[in-house]
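Q: I am new to this structure and would like a close look at a single part of it. Please start with the overall division and then stay with one region.

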Amino acid sequence: MAVRFLIIGGGPAGNTAATFAARLGAEVTMVERDVVGGAAHLLDCIPSKTMIATGGAMSFSRRLHGMGLEDVEPEIDVDALTERIEGIKTHLGNNTTQLLQSQGVTIIRGSARFKTPHSVVVDQVENGKTTTRTIEFDACLVATGSRPRIPDWVQPDGERILTTRECYPPRVFPKSVCVIGSGVTGVEFVHMFSSFGAKVTLVVSRQQVLPGKDPEVAAVLEDDFLRRGVSLLKGARAKSITREGDEVVVRCDDGREVRASHAVLAIGSVPNSDGLDLEAAGVVPDKNGFISINHHCITNVEHIYAAGDVSGKLPLSSVASMQGRKVAEHVMGLHTREHRHLDYDKAASAIFTEPEIADVGLAEAEAFASGRKIRVTKVPFSATPKALINNDSRGFVKIISDPATGVVLGGSIVGRHAAELISVIALAVTANLKVTDIVESLLVHPALSEALAEAAE
Ligand SMILES: Cc1cc2nc3c(=O)[nH]c(=O)nc-3n(C[C@H](O)[C@H](O)[C@H](O)COP(=O)(O)OP(=O)(O)OC[C@H]3O[C@@H](n4cnc5c(N)ncnc54)[C@H](O)[C@@H]3O)c2cc1C
């Protein structure tokens, strides 16, 4: 009899697990309370990146003089932008649903909670009537994602005090915004709003934006923010946000305050593990609600897996998908064959600011802290003809390798198309390639990738 595999949540973790497990012969049922595609498509990655792409086009049109054209100041068409975001979301959601259905996955619209270690109850609301049904399973994947963290000192109102999920569709474009939180999401929102012409203030709790990132990388972004007129309030922690007429007032613990038309909270996320009745299945979350997993994504209960944001590993869509794939392989017994475990240290990630920032593998500061000997080579994009042609020579490529063997251990890229270019270093890190492998690749000319080859020299 086929393995009955139940998946709770249809985001990247859930739908990748469903597709692979179905292909491998499992009888797959997916329960999704909202829309297949998950927060990644509906609320986070896709809408934010769509807005950033439009904002990028706006800032590019203000720099056309460098391309031998006259600058233009484009007008935002809020309806057209909203339609564009909705269109992309619908397209991707439909594609995912069709793919799952074509693989024979049963999709149930409803909210699931555990009844026993081998069954869930699904609450379904149709035409205002709630019905419940029980589904039994042999293996289950919890892939319920996360939601923005709201601290107890603020109450978002969905109008002027917003979480990141309330910024689109963009009903009104803020004239001025105070963004609280200078991690990846915070800086992307700063970039997005300032591209659209808003006056932006960023509350940075430490002395550097992107705490934990390479200081050289963070410095390039800070310079860009300052050049665009973004105010950086460093070493400040917001302690209250209130509305005063058409303004919001953000007060910080050191007495400084910011007045703006809107405030956006970008201070992390919390797992969607409450409401799942985990105790009925015997699954024990950690003190923050994340569901701990081992290297096969198995929870403390042998046949129950967790993947994606709810597992508390790297909160990235790409990581969630790969975890989903590994779960499907494990459920179907493929882990006993040649099987590479997921190595979270080798995950590439990108920040969609301008310039873009991307990195993978070992960071210089990390190697320095652990006393590990490394070779660091850095080449600015200004050294490549393509950067001059693009009229954008900001940024650099940095490659970190083992001085004894030449094996590529990591790297970072700041600049145009960094999110695409990092794939070369990511592949090298995953496949244990050497710097000479990059140097001896016959790359395209003129292309930004020439900086990669030079950095590998
Ligand atoms: C603003 C922002 C931008 C981001 N941009 C990027 C990016 O550019 N690149 C990137 O890699 N990552 C990005 N991320 C992170 C990415 O969105 C998440 O890592 C990813 O969505 C996690 O996928 P998931 O499958 O764990 O969960 P989700 O995508 O959150 O999906 C979980 C699904 O579970 C459903 N669900 C929850 N509880 C239940 C229940 N009880 N019953 C049934 N269904 C349930 C939800 O409705 C949801 O559809 C971004 C995050 C944010 C906040």
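Which domains does the domain assignment of the chain give? After that, please look closely at where domain 1 and domain 2 are in contact.

A: This is a predicted model. Its domain assignment divides the chain into domain 1, made of 4-148 and 271-336, domain 2, covering 161-267, and domain 3, covering 355-456.

Take domain 1 and domain 2. Their centres, taken over C-alpha atoms, are separated by 28 Å. Where the two are in contact, domain 1 supplies 16 residues and domain 2 supplies 13 residues. On the side of domain 1 that touches domain 2, the elements giving two or more residues are helix 3 (45-61) and helix 4 (78-102). Helix 3 gives the most to that side, with 8 residues. By type, the residues on this side of domain 1 are 10 nonpolar, 5 polar and 1 charged.

For orientation elsewhere in the chain, there is also an open sheet of 5 strands, in the order 19-20-23-22-21, with antiparallel pairing. At its edges are strand 19 (349-351) and strand 21 (375-380), each of which pairs on one side only. From one strand to the next, the twist averages 10°. Within this sheet, strand 20 (residues 357-361) pairs with strand 23 (residues 408-414) in the antiparallel sense, over 5 bridges. Glycine 361 stands opposite glycine 410, which lies in strand 23. In general, strands of a sheet pair through backbone hydrogen bonds.

Notes
Residues numbered from 1 in each chain as written. Predicted model: local features only at pLDDT ≥ 70, side-chain atom pairs only at ≥ 80, totals over all residues. Pairing = 2+ DSSP bridges. Helix = DSSP H or I, 4+ residues; strand = E, 2+ residues; numbered from the N terminus. Axes fitted to C-alpha atoms, helices over the stretch in contact; angles between N-to-C directions. Domains from an automatic or database assignment. Contact = placed C-beta atoms within 7 Å. Nonpolar A, V, L, I, M, F, W, Y, C, P; charged D, E, K, R; others polar.
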